[in-house]
Amino acid sequence: MDDHAALDELNRLLDADDAETVNTSMRLSVSLRDAAALAVEHFSAASSATTMAAAALRQSLETLAMETALQLHYREHPDAQPSLAEIAHALAVQDGSPLAERPDLLAAAASAVVERHPDADADDVLLWAEAQLAVSA
Amino acid sequence: MRTIVLDNEAVQALSDSTHTKHRTVVAHLAGAVARRRRGTVVDTVVPTTVRVEAGWDRSTPSAAAINRFRLRDHVLDATAANVAASIQSRCGLGPAGAHIGATVQSVSSGDVVVLTTDPSDIAVVCTPSTPQIVRI
């Protein structure tokens, strides 16, 4: 199964209208299970520990699927891959941040932050740029 | 939580890698994924009437690439149709625009972002909701 086929199957499973449930043999540490139970009972984190675990697993798998789709797309269309600064700018626009009007500052921030933190993401760039703005104000 | 809604032009741009705005829309999706990695719930949505307008049939092989981006359908069910019909009567801007307005109004929590080439029309159909309208 190649990457595209695996991703399509992952998406099919995630989108399946499937009310059937199964008891799994997934092993959790006792402390993690107890932490989830406590979070449900005292902090109303979810309706049950099972619901909480399933929601977290779904969020994680859906994010993986979306990220994989982008990576496969970039592999086929390298020109379509936005830079870190462009992604940070997109988030600034979505957030309604004043940084949306400063793509120059975001580009500089992206270059600077990646130099020190190669795994930085777009929010790191936004934070860096905001700090630069605050210092210069 | 954030919900990102795409209009027809945003869908067209995403589905065509040669489109001048393709990279811009991809950047918005990449931003959504970055936020999800940080634990924020970000939902990406396309109203089904927008899919009709864009000619996006999920069942065709040519749609395989855009299907993989996991844009969830907002279905024009009976309730949404009533809201959209009311918007259409008020604004007269077409079924897809009315469905975008109904989609935005259906989001009960968190903020809403609409990616569009026509911010003024989107503002009209979304009234009284006030999503973040992003011109692509």
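At 45% relative accessibility, B:R38 counts as partly exposed (20% to 50% relative accessible area, with buried under 20% and exposed over 50%, for a 1.4 Å probe and protein chains only). The side chain of B:R38 meets that of A:D124 in a salt bridge, 2.8 Å from N to O; the term stands for a side-chain nitrogen of Lys or Arg within 4 Å of a carboxyl oxygen of Asp or Glu. A:D124 lies in helix α6 (residues 122-136) of chain A and B:R38 in the loop between α2 and β2 of chain B, so the pair joins two chains. Helices (H or I, at least four residues) and strands (E, at least two) are DSSP runs numbered from the N terminus. A:D124 is likewise partly exposed, at 27%.

The model is a predicted one, in which local features need pLDDT of at least 70 and side-chain atom pairs count only at pLDDT 80 or more, while totals for chains, interfaces and linings use all residues. Residues are numbered from 1 along each chain as its sequence is written, chains are lettered from A and ligands numbered from 1 in the order in which they are written, and side-chain values use heavy atoms, with hydrogens and water left out.

Both A:D124 and B:R38 belong to a network of salt bridges that also links A:D95, A:D121, A:D123, B:R2, B:R35 and B:D111. Within this group, A:D123 and B:R35 meet at 2.6 Å, N to O. Another pair is formed by A:E86 and B:R23, at 2.7 Å. This pair joins two chains, as A:E86 lies in helix α4 (residues 84-95) of chain A and B:R23 in helix α2 (residues 22-37) of chain B. Over all chains the count comes to 21 salt bridges, and 12 are found across the interface of chain B and chain A.

At that interface, 28 residues of chain B are in contact (heavy atoms within 4.5 Å) with 34 residues of chain A. The two chains bury about 2,900 Å² between them, 53% of it on carbon and sulfur atoms; this is the accessible area (1.4 Å probe) lost on putting the two parts together, summed over both. In chain B, B:R36, B:R68 and B:R70 lose the most area to chain A, together 28% of what that side buries. B:R70 is buried, with a relative accessible area of 15%, and has a positive phi near 60° although not a glycine.

The largest pocket has a volume of about 1,600 Å³, taken as the space filled by probe spheres set on grid points joined across faces, edges and corners. A pocket is an open set of points on a 1 Å grid over the protein atoms alone, where a 1.4 Å probe fits, with protein on both sides within 12 Å along at least five of seven lines; lining residues have an atom within 4 Å of a point. Of the 44 lining residues, the closest to the centre are A:L14, A:A54, A:L57, A:R58 and A:L61. Helix α3 of chain A gives the most to this lining, with 10 residues.

A cis peptide bond, with omega about 10°, joins B:T127 and B:P128. In chain A, A:S44 has a positive phi of about 50° and is exposed at 61% relative accessibility.
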